[in-house]
Amino acid sequence: MLLLKVRIREIAVTLFGAEIRSLPHEDICAAYKIAIYSAGCAVNLLTGYTAMRLGGKFFAACSFALAVLNLLPIRTLDGGCIFETICVRLFPIYADTVVDIVSGTFIFILWLISVYLLLLAGGNISLMLFCMYMFVTLYLGC
């Protein structure tokens, strides 16, 4: 945001990462928004690559997985913000509906994967809890 000369209103640390917000009256063009939302994933990929080169395979795998997860087109994730920015440009009237449907679909797919990992592959419940958190945040307004 600083490189693009977008003024920062606040930086908030949340349960799933950090949120950097611009001033409410800032009018940011679509290309800048996409660049800003892509920056977090780019840092995850760079961190993963660096860790892999230094021999930290587990940390590299976590960084790559976080980058992929964050690029999913779910409204509150960076990928969802990128998807929403593109939808608003392509079909502004239906953008909210399309983003809601795509977000819900991807949350459902992640939930199915979490159930599979939990029941059939002996995984843990962290992905399921993440899906529940995303669902509650997006659709129940909590």
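Student: Which residues in α1 meet residues in α2?
Tutor: In this predicted model, the α2 side of the contact consists of Phe59, Ala60, Ser63, Phe64, Leu66, Ala67 and Asn70. The residues of this contact divide into 10 nonpolar, five polar and no charged. On the α1 side, the residues are Cys41, Asn44, Leu45, Thr47, Gly48, Tyr49, Ala51 and Met52.

Student: Are α1 and α2 roughly parallel or roughly antiparallel?
Tutor: The axes of α1 and helix α2 (residues 57-70) come within 8 Å and cross at roughly 160 degrees. Angles over 145 degrees count as roughly antiparallel. The pair is therefore classed as roughly antiparallel.

Student: Is the crossing of α1 and α2 left-handed or right-handed?
Tutor: The handedness describes the sense in which one helix is turned from the other. For α1 and α2, the crossing is left-handed.

Student: Does Asn44 count as buried or exposed?
Tutor: Asn44 is found in helix α1, and its relative accessibility is 14%. Buried means under 20%. Asn44 therefore counts as buried.

Student: With which residues is Asn44 in contact, leaving aside its neighbours within four places in sequence?
Tutor: Asn44 is one of the α1 residues that meet α2. Once neighbours within four places in sequence are left aside, its contacts are Ser63, Leu66 and Ala67.

Student: At what angle do α1 and α3 pack?
Tutor: Helix α1 (residues 30-53) and helix α3 (residues 78-90) have their axes 9 Å apart. The two helices are roughly antiparallel to each other, and their crossing is left-handed. The packing angle is about 165 degrees.

Student: How many charged residues are in the contact of α1 with α3?
Tutor: In α1, the residues are Ala30, Lys33, Ile34, Tyr37, Ser38, Gly40 and Cys41, and they meet Asp78, Cys81, Ile82, Thr85, Ile86 and Arg89 in α3. The residues of this contact include seven nonpolar and three polar. The number of charged residues is three.

Student: In what order do the elements of the protein run from the N terminus on?
Tutor: The protein has five helices and two strands. From the N terminus on, the order is β-β-α-α-α-α-α.

Student: Which element of the protein has the highest mean pLDDT?
Tutor: The protein averages a pLDDT of 80, and 88% of the residues score at least 70. Among the elements, strand β2 (residues 17-22) has the lowest mean, 68. The highest mean, 88, belongs to α3.

Note on methods: Residues are numbered from 1 along each chain as its sequence is written. This is a predicted model: local features need pLDDT of at least 70, side-chain atom pairs count only at pLDDT 80 or more; totals for chains, interfaces and linings use all residues. Side-chain values use heavy atoms; hydrogens and water are left out. Axes are lines fitted to C-alpha atoms, for helices over the stretch in contact, and angles run from 0 to 180 degrees between N-to-C directions. Helices (H or I, at least four residues) and strands (E, at least two) are DSSP runs, numbered from the N terminus. Angles under 35 degrees count as roughly parallel, over 145 as roughly antiparallel, 65 to 115 as roughly perpendicular and the rest as oblique. Contact means heavy atoms within 4.5 Å. Ala, Val, Leu, Ile, Met, Phe, Trp, Tyr, Cys and Pro count as nonpolar, Asp, Glu, Lys and Arg as charged, and the others, Gly among them, as polar. pLDDT is the predictor's confidence in each residue, from 0 to 100. Buried means under 20% relative accessible area, exposed over 50%, partly exposed in between (1.4 Å probe, protein chains only).
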